[in-house]
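Hello,

Here is the structure I promised to pass on. Please load it first, then read the notes below alongside it.

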Amino acid sequence: MKSIDELRQQIDNIDEKILELLNERARCVIEIGKIKQSQNKPLYVPSREKAIYERLKAINSGPFPNESLKSVFREIISASLSLEEVQKIAYLGPEGTFTHLAGIKHFGLSAKLLPSRSIPEVFEDVEKKRCDYGIIPIENSLEGVVNHALDMFMSSNLKICGEVFLEVSHHLMNKTGKLEDIKRIYSHPHAIAQCRKWLSREAGSIPIIEVESTAKAAEIASKDETSAAIASEMSELVYGLKIVNKNIEDFTNNYTRFLIIGNFEPEMTGKDKTSLVFSVAHRAGSLYSALKSFSENEINMTKIESRPSKMKAWEYVFYVDIDGHYKDKKIKDAIDKFSNEVSFFKILGSYPKGEK
């Protein structure tokens, strides 16, 4: 059996080989970047990134875990992209929100994540090319859809380029880490709703105050020892808070879905999703007739939401997610039939499916 010193020396030798290979990989990335720039192609390609993860997972014989493998290569890809050009990503801020965490999860630490004050501002930052991509929350598994985020797609030409699922865990935190010091608790309405049982049981007499984000709540708590925030674990680091109680949400398996938006249409990966919006005429069975083409072509519809059209009273638009890429023949045939049954429709994007 080898000694600890011998094994550590072996690890050092392996690390040196990894470093050499990382630099060799980086040189290839730089050359690809030059070709892309000469052809005016986007640097970030979600389908290629997904293909890398899938290929590596398929050949991974262990014991290195697949989920950690993805985390490692996410940072390798992020750092490699920064050699070509630092990707600027607009997100619904401020710093320390769950959207910020989702941005890091998707783009890695080497991207430049820039907070925007609102969802419309995220769209504007990308539309005016101040940022390469944007990331916005679209729905929570417990609280439902972010309606004003859906509404933005009616007036924007940006495409959905990807999606990110983030498991949501809420922590009660303040400056001292002591429950007895808390006189007020601040958080976003969704976070408060998701922790209602715990708050009633453990902090029933403490006033709960709604603010625009969990990060804003953390900022308030960082300036006042009598205030606390319900926020993400990242807020502990960003705002110098201490956790009073971890995971105070009432239900586990709580996920928020985020969308990546940009001026880019991803290629097919084989595991894709298509989002579209449409409206139908006011006649009996019009919605059924429109959606029937998906059923007839054996296409799985994973989501449907209705929203007021804002063009005319009592008229609605419908947002739908289906499995597959719009370039798939089966999807294309279904959409061709579907288009004959609706008064308006718009493909919001086909993009790689996110993983929980």
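**Salt bridges around Arg-257**

Asp-321 and Arg-257 form a salt bridge, with the closest N and O atoms 3.1 Å apart. Asp-321 sits in strand S14 and Arg-257 in strand S11, so this pair ties together parts that are 64 residues apart in sequence. Keep in mind throughout that the model is predicted.

Are these two partners buried or exposed? Asp-321 is buried, at 6% relative accessible area. Arg-257 also counts as buried, at 4% relative accessibility.

The pair belongs to a wider set. Salt bridges that share partners join Glu-139, Glu-163, Arg-257, Lys-273, Lys-303, Glu-305 and Asp-321 into one network.

Arg-257 has a salt bridge to Glu-139 as well, and here the closest N and O atoms are 3.0 Å apart. Arg-257 lies in strand S11 (residues 255-262) and Glu-139 in strand S3 (residues 133-140), so the contact ties together parts that are 118 residues apart in sequence. Both Arg-257 and Glu-139 are buried.

Side chains of opposite charge can pair when their charged atoms come close. Lys-57 and Glu-54 give a local case: their side chains meet in a salt bridge at 3.9 Å, N to O. Both residues lie in helix H2 (residues 46-59), three residues apart, about one turn of the helix. An α-helix has 3.6 residues a turn, so residues three or four places apart point the same way.

How accessible are the two partners? Lys-57 is partly exposed, with a relative accessible area of 26%. Glu-54 is partly exposed too, at 24%. The count for the model comes to 27 salt bridges.

**The four-stranded sheet**

Four strands make an open sheet in the order S13-S14-S12-S15, with antiparallel pairing. S13 and strand S15 (344-352) stand at the edges with a single partner strand each, so one side of each is left without a neighbour in the sheet. On average, neighbouring strands of this sheet are turned by 15 degrees against each other, direction ignored.

S12 and S15 pair in the antiparallel sense over eight bridges. Ser-275 stands opposite Gly-349 in S15.

Which helices pack here? H11 packs on the sheet and touches S12, S13 and S14; its direction makes about 160 degrees with that of S12. H12 lies across S12, S14 and S15, and runs at about 165 degrees to S15.

**Helix H11**

Helix H11 covers residues 286-296, and its buried residues are Ser-286, Ala-290, Leu-291, Ser-293 and Phe-294. Seen down the axis of H11, they fall within an arc of 130 degrees, so they line one face of the helix. The face of H11 turned away from the buried side carries the exposed residues Tyr-288 and Ser-295.

What covers the buried residues of H11? The cover includes strand S12 (272-279), strand S13 (301-308), strand S14 (316-323) and helix H12 (329-339).

Two residues flank this part of the chain. His-282 has its place in the loop between S12 and H11. His-282 is exposed, with a relative accessible area of 67%. Its C-alpha atom and that of Ile-230, 52 residues apart along the chain, are separated by 45 Å. Just after H11, Glu-298 takes a positive phi of about 55 degrees.

**Nonpolar cores**

The largest nonpolar core has 26 residues. Those with the most contacts inside this core are Ile-89, Phe-107, Tyr-133, Ile-135, Phe-258 and Ile-260. At least two residues each come from H2, helix H3 (66-84), strand S1 (88-92), helix H4 (98-107), S3, strand S5 (159-167) and S11. H4 gives the most to this core, with four residues.

What does Ile-89 touch, not counting residues up to four places away in sequence? Its contacts are Phe-107, Ala-111, Lys-112, Leu-113, Leu-114, Cys-131, Tyr-133 and Ile-135.

Best wishes

Definitions and conventions:
Residues numbered from 1 in each chain as written. Predicted model: local features only at pLDDT ≥ 70, side-chain atom pairs only at ≥ 80, totals over all residues. Heavy atoms only, no water. Buried < 20%, exposed > 50% of the residue type's maximum accessible area, 1.4 Å probe, protein only. Arc of directions from axis to C-beta. Contact = heavy atoms within 4.5 Å. Salt bridge = Lys/Arg side-chain N within 4 Å of Asp/Glu carboxyl O. Pairing = 2+ DSSP bridges. Axes fitted to C-alpha atoms, helices over the stretch in contact; angles between N-to-C directions. Core = buried A, V, L, I, M, F, W, Y, C linked by side-chain atoms within 4.5 Å.
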